[in-house]
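Look at the chain below from end to end.

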Amino acid sequence: MGNGLNTSNLTVLDTLPEGITEVKATELHKILPTPTLVHLPGRTENPMFVSVLQHGNEETGLLAIQALLRKYQSKQLPRSLSIFFGNIDAAKQGSRKLDGQPDYNRVWPGTEQPPTKESSNAQQIVNEMKEREVFISLDVHNNTGINPHYACINTLDTAFLHLANLFGRFVVYFIRPKGVQSAAFAELCPAVTLECGKPGVQYGVEHAFEYLDSCLHLSQIPDHPVAPQDIDLFHTVSQVCIPDHVSFSFQENTADLMLSNDLERMNFTEIRVGTEFGHVNLPDILPVVATNEHGNEITADYFTVTEGRLVCCKPVMPSMLTLNEDVIRQDCLCYLMERIKLPS
């Protein structure tokens, strides 16, 4: 398995383990028993960093990086490549994360969560990549709901916008939640998060692979502004969660909040005032909490309960709406976005 170094429970390798380019996400633990960082040399020294499986049920990143590694298995990489294989234990179960685990994409430097072995691993990775003078960082994810492919950035600098726009015209700017990988790496280099649609869709794998391969060949990132006609830029203004004490369901009409079954079809759609999210069985209580990017509660700015219906009271564009109740409980109901102009 190459030269292994175990610090906390992070394994660091300088060669590819045998079988890594073919193994399924659910079997990855047989080759990599712990979260693993692999450094591979290329013609250009400053590495491209790629993280996959930060959420164990999001396999597109693994499949795309495997396709990339197979392409270059008998020839030199155009640029050095560092790969982080994240929540391998959750991948074994096909879960986003296991009970008792933190979300791997909330533990990076800048997190508001208490220290854990996972946050120690994240800090070590950032330290190593800073020392290696990382060129760009790409964090590959899937959605559980119906969403287009899009890229997320944490700063509106031109290089970040170009890197995101290379993936597609939909780009989302956000600064919360804290502790995400792309925000930590934004201190070192241009960094993006790739949202590649639902797992199990071949187009998502192909799109991610083509993007990774293109980025591997970049010698530099353009410094001229992105053309306004080439990009749809959105700003995440709120994260919407359902409090733990509120029961919710898509089937049980006795739940505190009975969510609409067509909820995820509102993703990346600019919805009107009065759009319904579900029925409420809690008198005079908002069953969701909306938090802005500064951590302040702004629920009443976006939601109201009218005649037992939870409705939006401001024009907005949701993303990440899903029918997966586990993901809603572990992460959030959705994010709310507003269209913004490119910085001048």
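For charges, Lys and Arg count as positive and Asp and Glu as negative, while His and the chain ends are left out. On that basis the chain has 25 positive and 41 negative charges. Their mean positions lie 4 Å apart. Keep in mind that this is a predicted model.

**Overall build**

The chain holds eight helices and 18 strands. How does its radius of gyration compare with the globule rule for 344 residues? The radius is 20 Å, close to the 20 Å from the rule, so the chain is as compact as a globular protein of that length. Along the principal axes, the C-alpha atoms fill a box of roughly 65 × 45 × 35 Å.

Of the 344 residues, 56% are buried. The accessible surface is about 15100 Å², and carbon and sulfur atoms own 47% of that surface. Now take the contacts with a separation of 6 or more: 74% of them link residues 24 or more positions apart.

**The cores**

The largest nonpolar core has 67 residues. Which members touch the most others? They are Leu81, Phe85, Leu138 and Phe185. Leaving out residues up to four places away in sequence, Leu81 touches a list of residues that includes Val38, Leu40, Met48, Ile65 and Leu216. His39 and Pro47 are also among them. Another core, of 27 residues, lies apart from the largest one. Val240, Leu259, Phe303 and Cys334 are among its members.

**A covered helix**

Helix α4 spans residues 158-165. Six of its eight residues are buried, so α4 is mostly covered. Those six are Phe160, Leu161, His162, Leu163, Ala164 and Asn165. What do they pack against? Their partners are the strands β6 (136-141), β7 (150-153), β8, β9 (191-195) and β10 (232-241), plus the helix α6 (202-216).

**Residues in loops**

Start with Ala25, in the loop between β2 (10-13) and β3 (36-40). Is Ala25 buried or exposed? Its relative accessible area is 9%, and buried means under 20%, so Ala25 is buried. Beyond its neighbours within four places in sequence, Ala25 contacts Leu53, Glu59, Leu62, Ala91 and Lys92. Take Lys92 from that list. Ala25 and Lys92 are 67 residues apart in sequence, and 6.7 Å apart in space from C-alpha to C-alpha.

Next, find Pro177 in the loop between β8 (170-173) and α5 (181-185). A cis peptide bond joins Arg176 to Pro177, with omega about 15°.

Methods: Residues are numbered from 1 along each chain as its sequence is written. This is a predicted model: local features need pLDDT of at least 70, side-chain atom pairs count only at pLDDT 80 or more; totals for chains, interfaces and linings use all residues. Side-chain values use heavy atoms; hydrogens and water are left out. Helices (H or I, at least four residues) and strands (E, at least two) are DSSP runs, numbered from the N terminus. The radius of gyration is taken over C-alpha atoms; the globule rule is 2.2 Å times the number of residues to the power 0.38. Buried means under 20% relative accessible area, exposed over 50%, partly exposed in between (1.4 Å probe, protein chains only). Contact means heavy atoms within 4.5 Å. Accessible areas come from the Shrake-Rupley method with a 1.4 Å probe; for residues, only the protein chains shown count as cover. The place of a charge is taken as NZ of Lys, CZ of Arg, CG of Asp or CD of Glu. A nonpolar core is a set of buried Ala, Val, Leu, Ile, Met, Phe, Trp, Tyr and Cys residues joined through side-chain atoms within 4.5 Å.
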